[in-house]
Each structure stands twice: as structure tokens, then as C-alpha cells.
Amino acid sequence: MEKMNRIYNFNPGPAALPLEVLLQGQQEFSEYGKHGMSIMEMSHRSKAVETLNGETQQLLAETLNLPAGYRILFMGGGASTQFALVPLNLMKAGKVGRYILSGSFSEKAYLEAQTVGAAAVLSSTKEHGWSRLPAVNDIRLGTDTAYVHMTTNNTIEGSQFQDFPATAPVPLIGDMTSDLLSRRIDLTKFSMFYAAAQKNLGPAGVTVAVIHEELLQECAERIPTIFKYGTYAQHDSLYNTPSVHSIYMMNLVLRWVKEQGGVEELEKRNIEKAKLIYEVMDTSGGFYSGMVEKPYRSMMNVTWRMMDAELEERFVKESQLHGFDGLAGHRSVGGLRASAYNAVPVQWCKALAEFMIDFQKRNG
Ligand SMILES: *Cc1c(COP(=O)(O)O)cnc(C)c1O
């Protein structure tokens, strides 16, 4: 094989995939198993795709340690489509969908819900510039609440919830796009959670939605068939043509997760990885200053600022020369961001920490 030039990929999403997964995908790209064709060329009604679909759901349930009573759906349209589908399916006459706002994705979900029906803000830290998270341990809900929606990890701002509200019997819905499979989460608190694949699960194209059967029974009837969670559940996510290749890649990622020792082992590594970068920030004497207050820091997306935009720009440019990619902050907030999802090895974070120390020596 030709020598590879894979660089330190800290992109926020689409993001790094495990090299082993890419190589296996490459090996099977033109011939899947003994089928004499690519998985992309097969009917989604074929036995092979049906098996892949079922096996991938099974693997995900195992990897998540998913309690009984939930259905796994493979959908399209990314997390942004869920922003619309959640209210379409779950809003009820006389009831309000309530949103915990902790960053721009949660706000987008809220704004989208407003186009569908009655949505309200339950709590928000927007006035703090998203530098902290709303408290969730003392949430009071009226009987007029259809559901509560929250974003468990704020990809753009770099904050992450450690606690989740006890909302039962009101359903709690979680956008877990940027931290599903990265740590252990008490999933029983959630009646539904969803994640677009392109952060921790695989390539873009498939979105995982996990919904409790009880909530499934309560979904709206008078909405288009293709928007109903029930349609996906009834047809085992094969009602229409799914993103077969993305599901195949997710299958490979899930096997990889299992081989690594599962979510528990990845969580350990993710803590270690984030710590390497935060430690450099915290010992830099303010050269690198975190965008998020310490208790709310994310271990997936580490964000920081530097003295001025010019220095930040120099940091990004030099980092590229040293083989790093994806370190510029989101265009809406600026600054820097290192996204250290599951597929980013500890070694890359060590290299980044060293680069940061060296950059400060030369520019501090
Ligand atoms: C990336 C991301 C989204 C947007 O996902 P799309 O698939 O691009 O719609 C939404 N929420 C969170 C938390 C994300 O990280």
C-alpha cells in the first residue's frame, strides 16, 4: 500500500473516523461479502441489507446498554430534521414543548419547534454567552408540558451536561449528536434521544433516533407518513430507501467501539484526551483561556480564546503546517476548538498539547 498522509483531524463534524474502519470499508467498497457487488448497489429489500440493518440496530443497543422498551430508528435528514420531527410528532393541543437552551443547536431546535406549534423556553444561559449551563436538578413542570428538549453536549460552545433532569412522566428528549457513545449516560431518563452520525457514529447520511415504545404510541397521527416515527418503527426503518452505505459504515464503527472495550473504555480515553488539552490551557497563565466555565466543560469539544483574532489566526495557520486540521472555532463564535471525538486517539491530543505549549513559547 502507498504511504498514507493522514493528519491530526480535530474537525467538529463530519469528523475523524477510525482508520481500521476506513480500511475495511475500502476493502469491501466494490464487493460486499460474497455478493459480487457493492452494498450500495443492492436493493434495500435484499436479505443482505435487511440483515445489516437488523445487526446494526442490535449492535447499537448492545453498545449503548439500551434498556428494554426502546425502538432504534435509522432516519435521514440529520439532527436538524429531528428539530422539526420532534415537535411534529410530539406536540399536543393545549400543551407546550419546553426547551432547555444551552447553546446554538438547542436554540435552533427551539426556533424550529416554534414553526410547528407552541414552544417555550424552560431555561437558558444565552445571556451568559453560553459560557455555563442551566441548572437541571430542580425543574418544575406544569401539567401543560408536552415534552422537554435538551442538547446533552454543546458542540459549538464546548459545554456538556453531567446531570439530566428528572421530568417523568413528561418525556425528556435529548439531542445527543455530539456525545452519544462517548460516555455512559443514564438513558432511562430519556423517552427519546437522537444523534446524526457524523460526530461519533459514522459518516453523515444516517441519523439514529431511539424512542421509547410508550412515547411512540402517543405520536401525532395527522402528519405526513414519512415524518412519523411510527412509520420507521413499523417498517424497521425500511419504509423507504435508507442510507445503506452510511448504515454499513456505522456498523463498522460499532464493531470498532466493541473491540476497543466499549463505551466505558472510550469514556476513560475521552476524559484523558480532554484533560491533556485543558491542562495546557489552565497552566498557560491566560494565554489560552477557556470559553466555558470549568464545571461545564465538554470532553468532546474543547474551546478557547487567545489574546486577539490575529493571534488566533496565526495559531490556526501554524497548526496546519504542523499537521493539524479543524482547530478554528465555529464561525458564529470564533476562537479555537478541538473536537476530540471517539475516533481521535490519545496520541493526537498529546501532539496538540505539545504544539500548544510550543506555540506559547514562541508567541507568549
Ligand atoms: C452537528 C450537530 C447538529 C446538526 O446536525 P446536522 O446533521 O448537520 O443537522 C445538531 N445538534 C448537535 C448537538 C450537533 O452536534
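Q: To start, which side chain does E293 meet in a salt bridge?
A: The partner of E293 is R132, with a distance of 3.2 Å from N to O, where a salt bridge means a side-chain nitrogen of Lys or Arg within 4 Å of a carboxyl oxygen of Asp or Glu. Please keep in mind that this is a predicted model, in which local features need pLDDT of at least 70, side-chain atom pairs count only at pLDDT 80 or more, and totals for chains, interfaces and linings use all residues. Residues are numbered from 1 along each chain as its sequence is written, and side-chain values use heavy atoms, with hydrogens and water left out.

Q: How is the protein divided into domains?
A: There is a domain 1, covering 23-259, and a domain 2, covering 262-363, with bounds that come from an automatic or database domain assignment. Their centres, taken over C-alpha atoms, are separated by 27 Å. Domain 1 brings 25 residues to the contact and domain 2 brings 24 residues, contact being heavy atoms within 4.5 Å.

Q: And how much area is buried between them?
A: About 2,100 Å² is buried between domain 1 and domain 2, and carbon and sulfur atoms give 52% of that; the figure is the accessible area (1.4 Å probe) that two parts lose on being put together, summed over both.

Q: What about polar links across that interface, how many are there?
A: The rule finds 14 residue pairs in polar contact between domain 1 and domain 2, both residues being at pLDDT 80 or more. Such a contact is a pair of N or O atoms within 3.5 Å, and within protein one must be able to donate a hydrogen and the other to accept it, while residues adjacent in sequence count only if both atoms are side-chain atoms. On the side of domain 1 that touches domain 2, β6 (153-154), β7 (159-160) and α7 (244-260) each supply at least two residues, and α7 gives the most, with three residues. Helices (H or I, at least four residues) and strands (E, at least two) are DSSP runs, numbered from the N terminus. The count of salt bridges between the two domains is two.

Q: Changing topic, how many salt bridges does the rule give by count?
A: The count comes to 17. One of the pairs is K92 with E218, whose closest N and O atoms are 3.4 Å apart. K92 sits in the loop between α3 (78-90) and β3 (96-101), and E218 in the loop between α5 (213-217) and α6 (229-234), so that this pair links distant parts of the chain, 126 residues apart.

Q: Is R98 buried or exposed, and what does it pair with?
A: R98 forms a salt bridge with D144, the closest N and O atoms being 2.9 Å apart. Because R98 lies in strand β3 and D144 in the loop between β4 (119-124) and β5 (145-151), the pair ties together parts that are 46 residues apart in sequence. R98 counts as buried, at 16% relative accessibility, whereas D144 is partly exposed at 28%; buried means under 20% relative accessible area, exposed over 50%, and partly exposed in between (1.4 Å probe, protein chains only).

Q: Which residues are linked in a network of salt bridges?
A: That network links D282, K294 and R297.
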